[in-house]
Amino acid sequence: VHQHFMLVPALIVRENLQLSASIRAPGVGLPSIESEIRIAAELGWKLPLETLIRDLSVGMQQRIEIVKALAEDKPVLVLDEPTAVLSPAEIEDLMDRLKNLRDTGKTIILIAHKLAEVMSVADQITVLRNGKVVASEPAHSVDIEQVATWMVGELPSELEKRSTDSHDGTIVLENIFVAADRRYEAVRGVSLSINRGEIVGIGGVDGNGQVELAEAVAGIRPFRGKMTFPGGKHNPYESVVYIPQDRHRNGLALQMSVFENLLIGAAGREKRGFIPLSQLRSDATDWIEKYDVRTSSMDDPIRTLSGGNQQKVIVARILEQKPEVIVAVNPTRGLDVRATLDVHRKLIEAAESGVAILVFSTDMDELNAIAYRTLFMSSGALRESFTEALSGETN
């Protein structure tokens, strides 16, 4: 199961499963997907077989990838960050499934950075750092603190968040409605205010309108209602930058270099017609150092960088545009402990400089780490608590 999905966005779920099944068992005619449907049912997942992949939430796409892999019925199953966008209940279900598979004799390699999940399911824990094995021990003989120390070399200091009392330039969302790609109302009457210098977290089970609301605030999806931005502006295109949850599909030009990706959106930050190439390369050099992007050369294809360093490029690019508002969706999905800390620190520093930040995340640990206050989405509406959000679900 790949961290970045191996699905065909233009095909429906049924066709993606048939494509996978045809590779597994080539033959004449359309292959059966009864195994996939059965496995999904055992996991408690109902697959929307007639829906286009591109219209699904990231969480649902992840489930389809897991079902595809389990249908292979091979003795070894490798999962790369399979729980990055799943809810706590979905994660618990998956861990129980993995334990059952282990008990039937399968070997499972789980690549993960969420240590609580690792400790809940692993029999043996192996830690890689800088491409080398630094430790490998039975899970029962170590604790989370020890594993974290192996991963980063030393435990990072806890980030400090300074709350703001400023109401200058408050962002106000009033009675916002947003339609999903399939035309139903994914966001229903959301009202919210965010102050300068504040990080507001939006949590909840994936697929309850979070992405649609994020895209509306970022100015890339139509909405009904009213949005007011700093300086009395009503145009979200002028002051907002966006960190999408899928960096490969929406955040980067993978065929281009690190240098070229750093310039996307940033080259127009100055009001003159042309910027000397030497100045751009000088800026890129400074940003690579400032944001600790690990690359041998800014001219390397960005696809050769690790996920964490790719995300740092996106963060560098959007912060160097000096935005007034940042909208981020699962900004540290699939990153290791140190890369996650680096991204969190940069977002907190941006807030301390007066930027208003809206973070959508399915990771409660992330929201606890950086959000000054957190709300939760359920069926397109905001709730005060995660429990309330769960009890209020209707989908």
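Helices (H or I, at least four residues) and strands (E, at least two) are DSSP runs, numbered from the N terminus. On that basis the protein has 15 helices and 13 strands. This is a predicted model, in which local features need pLDDT of at least 70, side-chain atom pairs count only at pLDDT 80 or more, and totals for chains, interfaces and linings use all residues. Residues are numbered from 1 along each chain as its sequence is written, and side-chain values use heavy atoms, with hydrogens and water left out.

**Whole protein**
- Of the 395 residues, 50% are buried, meaning under 20% relative accessible area (1.4 Å probe, protein chains only).
- Contacts are heavy atoms within 4.5 Å; among those between residues at least 6 apart in sequence, 66% join residues at least 24 apart.

**The six-stranded sheet**
- An open sheet of mixed pairing has the strand order β9-β10-β11-β7-β12-β13, where two strands pair if DSSP finds at least two bridges between them.
- Its edge strands, β9 (240-243) and β13 (381-383), each pair on one side only.
- β10 and β11 (residues 356-360) run parallel and are joined by five bridges.
- Within β11, F360 stands opposite V329.

**Residue P331**
- P331 lies in the loop between β10 (325-329) and α13 (337-352).
- P331 counts as buried because its relative accessibility is 0%.
- Leaving aside residues up to four places away in sequence, P331 touches I243, Q311, V343, L347, V359, F360 and E366.
- The C-alpha atoms of P331 and Q245 are 6.2 Å apart in space, although these residues are 86 apart in sequence.
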